[in-house]
Amino acid sequence: MIDKNNFLQMRPSWLAIDLAAIQYNAKAIMQHAGAQRLIAVVKADAYGHGAVPVTEALYEIGVRDFAVATIAEGIALRTQVMHDDFNIVLLGVQDVQHVRVMAAHRLTPAVGTLAWLDAAAAQLDAGEQLGVQLAVDTGMGRMGAHSEAELQAMYDKILKTDTLAFSGVFTHFATADDRNQAYYAQQVARFNSWVTAVGIPKADWHLANSGSALWHHDQIETGTIRVGSVLYGYNPGAPELPLPLALKNVLSLKSRIGAVHQLQPGESVSYGATYTATTPQWVATLPIGYADGYLRRMGGMSVLVAGHEEQVIGRVTMDQIVITLDRPYPIGTVVTLIGQDGDCEITVEDFSQYANTIPHEILTTFGPRLPRIYQ
């Protein structure tokens with residue numbers, strides 16, 4: 001088996017991840033929102049940062065609640081994290097036929113229908129118990145109770161069933177990180193009205209995703225917050241909304257120059273010959289491409305070499321890119337594709353804006369060929 005250090009030497013492109021920065025961001029958002037409890041969202045391998053190392057880093061500072069998307073993600077956390085005294089919430093719809101697997105691994109699914117609870121209870125034997133979270137669909141349109149009556153029926157079912165245990169109630173906001181505040185206010189009003197009428201204590205609520213915790217913490221209950229993107233140091237509302245607090249950057253994307261040569265006038269680069277030199281031009285080849293998550297549309301994007309900006313030229317290929325150089329650099333020189341080099345910086349927000357997408361997609365696209373190096 002090849003360890004990460006040897007792998008990095010063989011193909012030197014990698015993600016550097018600052019776990020101390022994640023810990024700092026967790027503390028900062030809790031203080032900003034006035035929260036006493038944090039549910040850390042570590043789905044999709046902690047947004048590409050590595051779910052197990054991120055969970056263990058947050059556990060070190062007292063976090064005991066984590067959220068993932070799938071049963072497999074939950075089992076991986078339960079079996080690979082060195083601690084066992086923490087809670088795992090499954091966000092999204094789960095197949096009820098796997099209810100005993102969830103119970104065995106102490107995974108707490110989000111539930112949105114009475115039929116699901118009925119089917120789950122029918123499969124559990126005396127002595128088994130499944131914790132459940134009640135989802136309330138106030139306007140996201142994905143899952144959850146659509147009325148006070150539906151919520152009441154589900155809550156009553158859990159309280160009357162020995163094999164089910166109530167763990168919490170939540171909703172998810174569709175516009176917390178943009179300027180559609182009327183829709184946001186409508187969702188808040190629905191949740192407050194329905195959940196209060198059903199009689200679920202506020203101690204069991206968790207409404208605030210990253211956008212709510214950042215920009216609306218004074219408008220909703222924030223004793224418990226459930227955040228993802230803010231932990232990883234980027235702005236979920238960029239470029240529309242400026243961050244109201246300072247976060248630390250967590251992730252850098254690096255590579256090393258693998259080859260250097262000089263293009264002569266009339267010579268072209270990469271598939272399609274879309275870039276042709278008009279003067280003698282030094283260029284370098286880097287061992288990273290769209291199979292690693294450096295998207296094909298990133299041609300023309302800036303990179304940092306020795307504290308200044310250069311540019312990706314030609315088409316991004318599956319395994320390699322070509323960049324401009326102001327002079328020949330030694331083989332092995334570090335190139336920063338996301339992160340800081342001297343006084344220059346390329347942020348995840350910069351990268352995603354160039355790609356015409358959001359940071360969430362960029363971070364979860366970086367593939368397993370990029371080792372995660374933890375600092």
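I started with Tyr271, which touches Arg315 and Thr317, leaving out residues up to four places away in sequence; contact means heavy atoms within 4.5 Å. This is a predicted model, where local features need pLDDT of at least 70, side-chain atom pairs count only at pLDDT 80 or more, and totals for chains, interfaces and linings use all residues. Residues are numbered from 1 along each chain as its sequence is written, and side-chain values use heavy atoms, with hydrogens and water left out.

Tyr271 sits in the loop between strand 12 (268-269) and strand 13 (275-276). Helices (H or I, at least four residues) and strands (E, at least two) are DSSP runs, numbered from the N terminus. Is Tyr271 buried or exposed? It counts as exposed, at 60% relative accessibility. My cut-offs: buried is under 20% relative accessible area, exposed over 50%, partly exposed in between (1.4 Å probe, protein chains only).

Next I checked the UniProt record, an unreviewed entry, which lists Lys43 and Tyr271 for "active site". Such annotations may be inferred rather than shown by experiment; the positions use the numbering here, and feature names are shortened.

I then looked at Lys43, in helix 3 (residues 43-47). Lys43 is partly exposed, at 30% relative accessibility. Lys43 touches Ala67, Val68, Ala69 and Glu73, again not counting residues up to four places away in sequence.

Last stop was helix 7 (residues 114-123), where Trp116, Leu117, Ala120 and Ala121 are buried. On the other side of helix 7, I found Ala115 and Ala122 exposed.
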